[in-house]
Each structure stands twice: as C-alpha cells, then as structure tokens.
Amino acid sequence: MKRNDLKKYVRLVLFTALFTGFAACSDDDITPPVTPPAAINEIKGVEAQYGTDRCKIQTVEPVIEGFTNGTFTWTMSNTALNIKDSVVSQTKDLQFLALETGDYLFTLTAKSGSIEKKAETKITVSKEATEYSAYIATVFDYLPAVGQFVNELPSCEDGDTKETIRKKAEDAIKGPNSSMIHLGGFGGYVTFGFDHTIVNVPGKRDFRVKGNAFWSAANPNPEAPGRGGNCEPGIIMVAYDKNGNGKPDDDEWYEIAGSEYNKPATIKNYEITYYKPQNETEEATDEYIMWEDNQGNSGYKAKNMFHRQSYYPSWITEDKITFKGTLLPNNAIDESGQGSYWVLYAYDWGYADNAPNSDDESAIDISWAVDKNGNKVHLPGIDFVKVYTGVNQEAGWLGEVSTEVAGAEDLHLLGKSIPTRN
Ligand SMILES: [Ca+2]
Ligand SMILES: [Ca+2]
Ligand SMILES: [Ca+2]
C-alpha cells in the first residue's frame, strides 16, 4: 500500500468506527452490545373451535410467523371413535372431512430446528340439516364418442342442444332409481357430482359407479384368461373441490389408477379424433365413421344391422370430435373363432362397467387416485367423478366396446363396508 493509500484507509476505518459507534449509541452513555431481535416463531389464527356438517370440508389455515423451513404436523383424537393422536396432515393448513358426527380434537405442531410450538383446536361435526343423497345429484357434462346407442341413451330429438342433452343424461343417472346412459367408443364421457363430499375412509372403498357389466354364462374357452362376459371398462377420474366453487376445475382431477395403469400395454395421453359421416344412411357398414389417433393409427367404426340411427352425437355441430385420456388394451376376444361368441374380459380392478354392480370390484377406493405424473395423492374425499370409455375396439356383431353408466353411489352413506385391496 502506498503512503497516500494508507492514509485514506486509516480515515475510512476511523470514519466507519465513528459512524458505527454513533449509530449504536443509545440515550445512555453506556452502550449495551447490540444483539439482533430473536426470531419470532408463532402460530396464529387458529380458533379454539370450529363447526361443520359431516361430509363437508372444514379448512383451518393458521398464520405462521417464522418457522423458516419448518415442518407442520396435525394430529387428531376422538375418544368416541377410539382415535388418539392420529397424524392427519403434514401441511400447514388442515382440510378435515368426517363421516361420523362428534368432537374431534386437533393439535398442530410446528417445528424448526430446536424450536417447537403447538396450537390446539376442536372441530365439532354435526348431522346435516337436510339428509344427503347417496346418489348422483348433478350431471355437469356429457359427451359420448361414436357408438351404437348414441342418440338413443339418452334419446336425441330435433332441437336438442348440449344443455338439453346434459339434462337428459342427468335425469337418467341421478338419484336412487337411475337408468342408463351410453358413452360410446373410446373417450366418450360423463361428469357428475354429489350433494356432499364422499369421504375417503382409510382402508375402505368409498364409491361405486354402476354399469351393465355381467359375467358370461357359457364361455366356449375352457382356459379363459379371467373373468369375462360383457365388461366395457371405463376410466374413472375423481375431483376434490379444492377451491370450493362447487364445480370441477381442470386442476382438480385425478385418475383412479386401476389394475392396468402401470402396465406397458396401457397408453397414457392417448388422443383420438372421430369424423362426422358425410353421408348418413341406415345401411350397416364396416366403414362408417373414420377415426385417427395420435399413435399413427386410423380406421373406421362400424354401423351394425341392429342399430340404424346416427352413431355420431346429433347435437354436435362440429364435423369432428377429439377425446383424450388413458387407453386400455383391447379386452374383447372372439372365443368361438367364428365371430359368434365374443367375451369382453374384465380388468382386475379400478374401472367402471367392468364388473357387475353386485361385485366388490365395481367399488372404488379414493386412495387409488394418482396425479398426472402417476404419483399417489391423498384426497380427503371427492365431490366429482368423470367416467370415460377406456377401450378403442370393435367386437364384431356386438359393436364397439363402450362403457355404460347407470348411476353411482356413496358406499358409506349406504352403510356398505367394502375393504380396499391390499
Ligand atoms: Ca378409501
Ligand atoms: Ca372447483
Ligand atoms: Ca356396458
């Protein structure tokens, strides 16, 4: 350092020392050492008590101060249900949903390093004022793909629109005395909801989508690969109304990962486009409605001799319709070898219209839901269900493999206790 530079340096150090001394100076002449204020780690905004109806979400959103990189654990106890300190959430916010009425006691523990704070609250769950329906309350959307009962189940008449057809589908499948709607070939769908949230009860299946599947009486194949008959598996999606607006939003859907979900023959993000027929006639033909998919395949859906109406939804004015989703492998096999006895085989579990309504495998556990990357998600319950046909196959004279929906039910409200799969 040169002499001049050294001078400057000394002045700078002096100035800094003076300035710092001045800044730290209190009213007294004796200056205590400055210590930074202790970090504040507080849990605020948790009320002593909350109240909700059963099957309705209660959200508790604490205001957290501090707890940088902290962890949050909610535990719950309920003496009547013999539950003690069960971990129910590991996020800051609690979204609690209960099937049983009563008092639920909660403790939130926030931890960061050696710092730990707790907050306690109670949620009182009451019986609803107007008794819930265990069945579908609303159809939000219905659009079948090409199929032999399209325009018939439900029937489409002149003047019908997307909205009047939605209402017809709703009238068919809502309530306890539901009838059937047809989803047509791959991708055709219906979206519906309930008047409450179906609770995801641990270890139990929670709801059932009803269809018209049955087991075959006389499969000619003595070495049949599994249970089969008239099974037309539909993919089930579930949604939890996270934002509470009473509607399913795009970011609220999860797929029920059934038995085929992780198998290589199942194609995720499948897309198919059906083209409206240019010349609609009553003729039966194998080359009726053209389709193309995003796997480089194309072909025709057939019109058979038993159903002569248009198989393309008549209320749709666009000249093509595209559907997207998970494609299951073909499940229909001509077991006669002559086209006379088709067996539509069931997949093991986790689909709609894939096992009879009386069979446990037509019942679904909400815990089977996965996100779009295939990761398991924990949903406290669900408000909405979407079902779409999962197979793109023509089964000879039987026509296309197409899922039917004949209602749905909350198993818990009906007192049906069906264990999940292990
Ligand atoms: Ca469950
Ligand atoms: Ca919503
Ligand atoms: Ca069916």
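Modeller: The 6 donor atoms around the calcium ion (ligand 1) subtend angles of 48 to 176°. This is a predicted model, where local features need pLDDT of at least 70, side-chain atom pairs count only at pLDDT 80 or more, and totals for chains, interfaces and linings use all residues. Residues are numbered from 1 along each chain as written, chains are lettered from A and ligands numbered from 1 in written order, and side-chain values use heavy atoms, without hydrogens or water.

Biologist: Why is the arrangement around the calcium ion (ligand 1) called irregular?

Modeller: Six donors count as octahedral if opposite donors are over 155 degrees apart and all others between 65 and 115; anything else is irregular. Here the angles run from 48 to 176°, so the arrangement is irregular.

Biologist: What makes an atom a donor of the calcium ion (ligand 1)?

Modeller: Donors are N, O and S atoms within 2.8 Å of the metal (3.2 Å for Na, K and Ca); water is not among the atoms, so sites may look incomplete. The protein donors lie 2.4 to 2.8 Å from this ion, among them Asn-200 (OD1) and Asp-365 (OD).

Biologist: Why is Asn-200 called buried?

Modeller: Buried means under 20% relative accessible area, exposed over 50%, partly exposed in between (1.4 Å probe, protein chains only). Asn-200 has 8%, so it counts as buried. Asp-365 is buried too, at 3%.

Biologist: Which residues coordinate the calcium ion (ligand 3)?

Modeller: Asn-212 (OD1), Glu-232 (OE), Asp-353 (OD) and Glu-404 (OE), at 2.2 to 2.4 Å. Glu-232 has a relative accessible area of 7%, so it is buried. Asp-353, at 2%, also counts as buried.

Methods: Tetrahedral: all angles 85-135°; square planar, octahedral: opposite > 155°, others 65-115°.
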